[in-house]
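Here is a short report for a first look at this model. Please keep the sequence and the 3D view open while reading.

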Amino acid sequence: MMKGKKILGLTLAASMTLSLLTACGGTTNQADSTDGEESTAGGSIKVAAIETSYGTDVWQQVCDAFTEQTGIEVELVTDKKLEDNIGPAMQGGEYPDVIHLAVGREAGLTEQFIKDKNIAEITDVLSMTVPGEDVTVGDKIVEGFVNDNSTTNPYADGKTYLAPMFYSPCGLFYNKGLFEEKGWEVPTTWDEMWELGDKAAAEGISLFTYPTTGYFDAFFYALMYEAGGEEFFYDATHYAEGIWDSDAAKTCFDIVEKLATYTNPITPAQANDQDFTQNQQLVLDNKALFMPNGTWIVSEMADAPRAEGFEWGMTALPAITADGDRYSYTFFEQMWIPAGAANIDGAKQFIAFMYSDTAADLFAAAGAAQPVTGIVDKLSGDNQIFYGIYDDGAKAALGAFAPYKSVAGLGTQREVFFDPVNALVSGSMTKDAWVDGIKTASDQMRANLT
C-alpha cells in the first residue's frame with residue numbers, strides 16, 4: 001500500500017505523502033470496557049489510532065494487555081481516516097488522551113497541533129519505568145529516535161513531544177536475483193552507480209525509477225547526511241540562509257540531476273497516487289534496477305507478477321566518496337498527547353507501555369516493528385534482513401524539514417523540493433531552475449518557522 005506521505009521531520013517528511021502505511025477508506029472500532037480491576041492511575045483513557053496495514057486487532061490486544069498490567073481502562077477508536085473520526089469532537093474541545101497519527105498525512109492534523117503548540121510535552125516519559133518491567137522507557141528506545149531529531153522534538157528546545165512508534169528503514173530496493181544472474185555487484189559509491197547504469201543501459205535496463213516524487217524525501221535526507229553530515233542536515237532542514245549555495249548542497253543537486261538522466265523515462269507519467277505501483281513494477285519486471293522505498297514494499301507488491309528468480313534486495317544509498325559514510329533513512333510513525341487531554345497522566349502510562357516487551361511482541365506479530373532494543377531478533381524473513389541494514393555498516397538518517405506557518409502561495413516541502421524531479425526526468429526543467437525555486441521558497445520558510 002502506498003505510503004501516504006510523508007514525514008515532516010523524520011520532521012520527518014516526513015514525506016517518506018503520509019502515514020506511509022495507511023490505506024484509504026474508513027471504519028471505526030469502538031472497544032468495550034474491559035473487565036480489569038479498577039484503575040489505580042486515573043480510571044480510564046481514550047486512545048485513537050490510525051488503522052494501517054497492521055490491522056485493528058493488534059491495537060485491541062495491546063490495550064487489553066495495558067489494562068491488565070495497570071488497571072487503567074481503555075476506550076479505543078481506530079479508523080483509516082482517523083482525522084474525520086476525531087476531528088469534530090476535538091473542535092468542540094473533546095480530545096482523545098492519546099493519538100497515534102504520524103506527520104505527513106494529507107489532512108495535516110498532527111502538523112496543525114504542532115504549529116499551534118497544542119501537544120503535551122512527554123520528556124518525563126523517557127525516565128518512567130516501563131509498566132511491568134524494571135527498565136526505563138529511555139533505555140528501551142533505540143538511540144537516535146528521541147535525541148534531538150525534529151520529529152519527536154519539533155521545537156528544537158531539547159524537549160520531547162511526540163513518541164516514536166513503528167519504524168521502517170528506507171533505502172534502494174532491487175532484484176537480487178537479477179544481480180546474481182548478471183554477475184553484477186551492488187554499488188557502494190555513486191561512481192560505481194553510474195558505471196552500473198551504463199552497463200545496464202546497454203542491456204535495455206534503466207538504473208532507476210521511483211513510485212512518486214514523495215519518495216524522494218527519505219532519499220534526499222539520506223543524501224544530505226552523506227554530503228554534509230548532521231550539521232549540514234540540520235541547517236538545510238531549517239532553511240539556513242545561504243545553505244543551498246554550499247558545496248554539500250551542490251553535491252546533492254548534482255547527484256539528483258545525474259540520476260534523473262538514468263531514470264526510466266516512463267516514470268513521471270506513472271508517478272501519481274493511482275499509478276505508482278506501475279513504477280514499482282518496473283523493478284519486478286527488470287526494467288529498472290533500483291527504486292527508493294521502505295520495507296512495506298514487500299507486502300504492498302506481494303501479489304504482483306515478477307521476473308523469474310526475483311528476490312527482494314535492499315541497500316543503503318551509495319557513498320559519495322570511497323571512504324564516505326552510507327546512510328539509510330528511517331521513517332517512523334508517532335504517538336502524542338493533545339495538550340487538552342483529560343487524563344495526561346494515564347496517557348503517559350500508555351505511551352510508556354508501548355515500549356514494553358509485551359507490546360513489542362504483539363506489534364511484531366502483526367508485522368510492525370517498534371524502535372526498541374533487540375527488535376530485529378523478533379523479526380523473520382525479509383524483515384530481519386531489511387531491519388538489519390544498520391548492522392551492516394549503514395548509518396541511520398533521522399529528521400526532516402522543519403514546520404513553518406501557512407503562507408499564501410508557499411507550497412509544501414514536497415512541492416518545493418521533490419515534485420520538480422518529475423520535470424528533471426522529463427527534461428522540462430533544469431537543475432538551476434529547480435534550485436532557484438528552492439532558494440526562493442526557503443527564504444519564506446525560514447521567515448515563518450513555527
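Which side chain meets K395 in a salt bridge? The partner is D325, with N and O 3.2 Å apart.

## About the model

This is a predicted model; local features need pLDDT of at least 70, side-chain atom pairs count only at pLDDT 80 or more, and totals for chains, interfaces and linings use all residues. Residues are numbered from 1 along each chain as its sequence is written, and side-chain values use heavy atoms, with hydrogens and water left out.

## Salt bridges across the chain

A salt bridge is a side-chain nitrogen of Lys or Arg within 4 Å of a carboxyl oxygen of Asp or Glu. By this rule the count comes to 12. The pair of K395 and D325 links distant parts of the chain, 70 residues apart. K395 sits in strand β10 (residues 395-397). D325 sits in the loop between β8 (312-315) and β9 (327-336). Helices (H or I, at least four residues) and strands (E, at least two) are DSSP runs, numbered from the N terminus.

How covered are these two residues? Buried means under 20% relative accessible area, exposed means over 50%, and partly exposed lies in between (1.4 Å probe, protein chains only). K395 counts as partly exposed because its relative accessibility is 39%. D325 is also partly exposed, at 37%.

D361 forms a salt bridge with K378. Their closest N and O atoms are 2.8 Å apart. This pair, too, links distant parts of the chain, 17 residues apart. D361 belongs to helix α13 (residues 357-365). K378 lies in the loop between α13 and α14 (381-387). Both partners are partly exposed: D361 at 37%, K378 at 34%.

## A bridge within one helix

D443 forms a salt bridge with R446, and the closest N and O atoms are 2.8 Å apart. Both residues are in helix α17 (residues 431-447). They are 3 residues apart, so about one helical turn separates them. An α-helix has 3.6 residues a turn, so residues three or four places apart point the same way. D443 is partly exposed at 41%, and R446 is partly exposed at 27%. Elsewhere, salt bridges that share partners join E133, K140 and D357 into one network.

## Buried places

Helix α12 (residues 344-353) is mostly covered. Of its 10 residues, 7 are buried. Among them are F350, I351 and F353. The charged residue K348 is on the buried list as well.

F219 is in helix α7 (residues 216-237). F219 is buried, with a relative accessible area of 2%. The C-alpha atoms of F219 and D443 are separated by 23 Å, and the two residues are 224 apart along the chain.

Q413 is in helix α15 (residues 413-418). Q413 counts as buried because its relative accessible area is 16%. A polar atom of the Q413 side chain lies 3.2 Å from the backbone oxygen of A402.

## A negative patch

Which residues form the negative surface patch? They are E185, D191, E192, E195 and D198. Patch residues have over 30% relative accessible area and no salt bridge; like charges are joined within 9 Å, and nonpolar side chains (Val, Leu, Ile, Met, Phe, Trp, Tyr) within 5 Å. D198 is in helix α6 (residues 190-201). D198 is partly exposed, with a relative accessible area of 46%.

Methods:
Areas by Shrake-Rupley, 256 points an atom, 1.4 Å probe, with all protein chains shown as cover. Charge placed at Lys NZ, Arg CZ, Asp CG, Glu CD. Polar contact = N/O pair within 3.5 Å; in protein donor to acceptor, adjacent residues only side chain to side chain.
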